[in-house]
Amino acid sequence: MLEELLLTALAVLLVSGLLLLAAAWRAVRWLRRNQRLRQRVRTAQALLAPPGPRREVAWLRRELAAATRATADAVALVGEAGGAVGDLPHLARRLGRVAGTLDAELRLLFGEPEAAELARVLPAARARVAEVTRVARTMRRASSAALGAGTAAEIAPLQVEVEREVTALDAGIHRLLALAARA
């Protein structure tokens, strides 16, 4: 009897431990993949970094991540809305890979112990981040233009149909009023 109770308790403990481990694993995966949380962590790092080059590196990482995420979101949104995206999804993925490499470089710079070395390489890193954000902005503009062009092409025929329907309804109402006046 005691053995059965101990085996049952052990089984319950083992199953609950496995469930807890699986839940913790899924929570860690979710936290690592959550882009908004990552952006907030980058913002906190930038705010908490001591003034100087390290803080600038943290802000550059934040700016880079925001630009690439916004670009990927814009391209995906235009694609979902049925806009013409052409090769923009492929280019957005390439931009993401380039930004990932640049982010790794910035992480390396953030941990650089020598201030002189950090000050020496920071201008080049700043220029690369500016270039990537410029390309990202251009891609977002192209996405927006593609969606806007599709919408503009649909608005003109819709306007003609609406005007035709309003005219028909107006004529029908006048006809009904004329018939009612005769009766």
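Colleague: Is Thr 133 buried or exposed, and at what relative accessibility?

Modeller: In this predicted model, Thr 133 has its place in helix 5, residues 115-182. Leaving aside neighbours within four places in sequence, Thr 133 is in contact with Glu 63 and Ala 67. The cut-off for a buried residue is under 20% relative accessible area. Thr 133 therefore counts as buried, at a relative accessibility of 7%.

Colleague: Which residues does Val 132 touch, not counting residues up to four places away in sequence?

Modeller: In soluble globular proteins, nonpolar side chains tend to be buried together. Beyond its sequence neighbours, Val 132 touches Leu 64, Thr 68, Leu 95, Val 98, Ala 99 and Leu 102.

Colleague: What is the relative accessible area of Leu 102?

Modeller: Leu 102 is found in helix 4. The C-alpha atoms of Leu 102 and Arg 61 are separated by 8.6 Å, although the two are 41 residues apart along the chain. Leu 102 is buried, its relative accessible area being 5%.

Colleague: How far apart are the end C-alpha atoms of helix 4?

Modeller: Helix 4 has 23 residues, which at 1.5 Å a residue should span 33 Å. The expected span uses one less than the number of residues.

Colleague: Which residue forms a salt bridge with Glu 56?

Modeller: Side chains of opposite charge can pair when their charged atoms come close. For the bridge of Glu 56, the closest N and O atoms are 2.4 Å apart. Glu 56 lies in helix 3 and its partner in helix 5, so the pair ties together parts that are 70 residues apart in sequence. Glu 56 is partly exposed at 26%, and the partner, partly exposed at 34%, is Arg 126.

Colleague: Which residues are linked with Asp 103 in a network of salt bridges?

Modeller: Asp 103 is buried, with 8% relative accessibility, whereas Arg 107 is partly exposed at 46%. Asp 103 forms a salt bridge with Arg 107, the closest N and O atoms being 3.2 Å apart. Being four residues apart in helix 4, these two are separated by about one helical turn. The residues linked with Asp 103 in the network are Arg 61 and Arg 107.

Colleague: What is the N to O distance in the salt bridge of Arg 134 and Glu 131?

Modeller: Arg 134 and Glu 131 are three residues apart in helix 5, and therefore separated by about one helical turn. An α-helix has 3.6 residues a turn, so residues three or four places apart point the same way. Arg 134 is partly exposed at 39%, as is Glu 131 at 40%. Their side chains meet in a salt bridge with an N to O distance of 2.5 Å.

Note on methods:
Residues are numbered from 1 along each chain as its sequence is written. This is a predicted model: local features need pLDDT of at least 70, side-chain atom pairs count only at pLDDT 80 or more; totals for chains, interfaces and linings use all residues. Side-chain values use heavy atoms; hydrogens and water are left out. Buried means under 20% relative accessible area, exposed over 50%, partly exposed in between (1.4 Å probe, protein chains only). Contact means heavy atoms within 4.5 Å. A salt bridge is a side-chain nitrogen of Lys or Arg within 4 Å of a carboxyl oxygen of Asp or Glu.
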